[in-house]
Amino acid sequence: MQPHLIVTDLDNTLLNAEHDLDELTIETFQALAAEGHHLALASGRHFHDITAFRQRLGVPAYILSTNGAHLYAPDDHLIAEQWVPAELVRALIELPRDADIRLNLYTGDEWLIDASAPELKALHAHTGFHYRVADLEAHDGNGVGKVLCIGDPVALASLERSINEALGTRVHVTYSMAHSLEIMAEGVNKGATLERLLAHLELPATRCLAFGDNLNDAEMLALAGHGFIVENAHPELVRRVPDAKWIGHHHPFGVAQRLREFFELKVTAR
C-alpha cells in the first residue's frame, strides 16, 4: 500500500476517558510507522504538551499544535508558524468578559493563565505540562499563538459574539470543547496547516486519514480524503462535515480500531 498520512486530534478522539493512551493505540501507531505511513498529532494543546504523547506512542510524528498555529517535523524542526498579531491579542485581553472566564495565552514556550484553575490540571496529568499564573493585563501581546477562554458555555457564547463584533474575520474563532473558546490568527486552523503538511510530504489529500471530535477539527476533516468522526463528537461537527464517516467511541480506542480495519493490521494489544 502507498504511504498515507494519518492525522488525529487528541482529547476525546485518540485519547481515552482518562486523557491517556491505551496499549492498543500505541501498538497500532507503531505498526503504521513500521509500514512507512506518515503520522501527525493535531491538537489545540501546546507543542510541549503534545510531545509527551508522541514519546509515549514511540513513533516519529509531525505535530500541528495550538490548533495549527505551529507545525513541527518529527525531529522537532519548526516547519511553519503564525502568531496572533500583538494588537489583536491586546484587544482580546481588554475585551470585557465574565469574571468566571479564565483567560489563557499560549506562547512559544508557555501556557499562561490569569488566575489559578486547579480543575484544568487533570487534563494534563499524563504530560506534566501546566499553566503559569501571570498578569495577562500587562502582557504586550507579542509571541502568542492562541488566546484561550475557558468558562461556562453561555458566557463564552456571549464573549464569542463580542469578539466577532469587535474583530470580525481578523481572527479565527472556534471551540475545542464546550467550555473552551479558542482564538487564533486569521486563517489559522488545523485544516490550513494540514494542507501545508500534505504539500510538504507531496501527498494528495486522497491519501490522508483524519480523525476528530469537535468544531476545531472541522476544516481538517473536510480536507482529508478520509475524514472520520468519533461517536462522541459534537453534534454540530457532523453537520459541518457531512461527508465524514462515523466510527466508534473514543474510549477506549475507537481510532485504533478503525485504523486496524482500514489498513488490515494484525496487531494485538500487549
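Guide: A strand here is a DSSP run of type E with at least two residues, and strands are numbered from the N terminus. In that sense Met177 belongs to strand S10, which covers residues 171-177. The model is a predicted one.

Start with Met177 itself. Its relative accessible area is 13%, and the limit for a buried residue is under 20%, so Met177 counts as buried. With neighbours up to four places away in sequence set aside, Met177 contacts Asp11, Asn12, Leu123 and Asn214. Leu215 is 38 residues from Met177 in sequence, and the C-alpha atoms of the two are 8.1 Å apart.

Next comes the sheet that holds S10. Six strands make up an open sheet of mixed pairing, in the order S8-S7-S6-S9-S11-S10. Strand S10 is one of its edges and strand S8 (132-133) is another, each pairing on one side only. In strand terms, then, Met177 sits in an edge strand, yet Met177 is buried.

Further in, S9 (residues 144-150) and S11 (residues 180-185) are paired in the antiparallel sense, over four bridges. One point of that pairing is Ile150, whose bridge partner in S11 is Ser180. As a general rule, strands of a sheet pair through backbone hydrogen bonds, in either the parallel or the antiparallel sense.

Helix H5 lies across S9, S10 and S11, and runs at about 165 degrees to S10. From Ala166 to Leu92 the chain runs 74 residues, and their C-alpha atoms are 9.1 Å apart.

The largest nonpolar core has 78 residues, and Leu5, Ile163, Leu181, Ile183 and Leu259 have the most contacts inside it. Helix H5 (residues 153-167) gives the most to this core, with five residues. Ile163 touches Leu92, Leu95, Gly168, Val171, Val173, Leu181 and Ile183, leaving out residues up to four places away in sequence. A second core, of nine residues, is separate and includes Tyr106, Trp111, Ala117 and Tyr131. In soluble globular proteins, nonpolar side chains tend to be buried together.

Tyr106, Trp111, Phe129 and Tyr131 are linked into a cluster by ring pairs. Over the ring of Tyr106 sits the charged end of Lys146, 4.1 Å from the ring centre.

A search of the whole structure gives six of them. Phe47 and Tyr72 form a stacked pair, with 3.8 Å from centre to centre and 20 degrees between the planes. Phe47 is in helix H3 (residues 47-57) and Tyr72 in strand S4 (residues 70-72), so the pair ties together parts 25 residues apart in sequence. Phe47 is buried, at a relative accessible area of 8%, and Tyr72 is buried at 12%. The rings of Phe262 and Phe263 have centres 4.9 Å apart and planes at 65 degrees, so that pair is edge-to-face. Phe262 is partly exposed, with a relative accessible area of 22%, whereas Phe263 is buried at 6%.

H3 is mostly covered, with eight of its eleven residues buried; among them are Phe47, Ile50, Phe53 and Leu57. The cover over the buried residues of H3 includes helix H1 (10-14), helix H2 (23-34), S2, S3 and S4. Just after H3, Gly58 has a positive phi of about 70 degrees.

Two of the covering strands, S2 (residues 38-42) and S3, pair in the parallel sense over three bridges. Within them, Leu41 stands opposite Ile63 of S3. From S3 (residues 62-65), Tyr62 and Leu64 point one way while Ile63 and Ser65 point the other, and all are buried. In a regular strand the side chains alternate between the two faces of the sheet.

Note on methods
Residues are numbered from 1 along each chain as its sequence is written. This is a predicted model: local features need pLDDT of at least 70, side-chain atom pairs count only at pLDDT 80 or more; totals for chains, interfaces and linings use all residues. Side-chain values use heavy atoms; hydrogens and water are left out. A nonpolar core is a set of buried Ala, Val, Leu, Ile, Met, Phe, Trp, Tyr and Cys residues joined through side-chain atoms within 4.5 Å. Buried means under 20% relative accessible area, exposed over 50%, partly exposed in between (1.4 Å probe, protein chains only). Contact means heavy atoms within 4.5 Å. Two strands pair if DSSP finds at least two bridges between them. Axes are lines fitted to C-alpha atoms, for helices over the stretch in contact, and angles run from 0 to 180 degrees between N-to-C directions. Rings of Phe, Tyr and Trp (its six-membered ring) pair if their centres lie within 6.5 Å; planes under 30 degrees apart count as stacked, over 60 as edge-to-face and the rest as tilted. A charge sits over a ring if NZ of Lys or CZ of Arg is within 6 Å of the ring centre and within 35 degrees of the ring normal.
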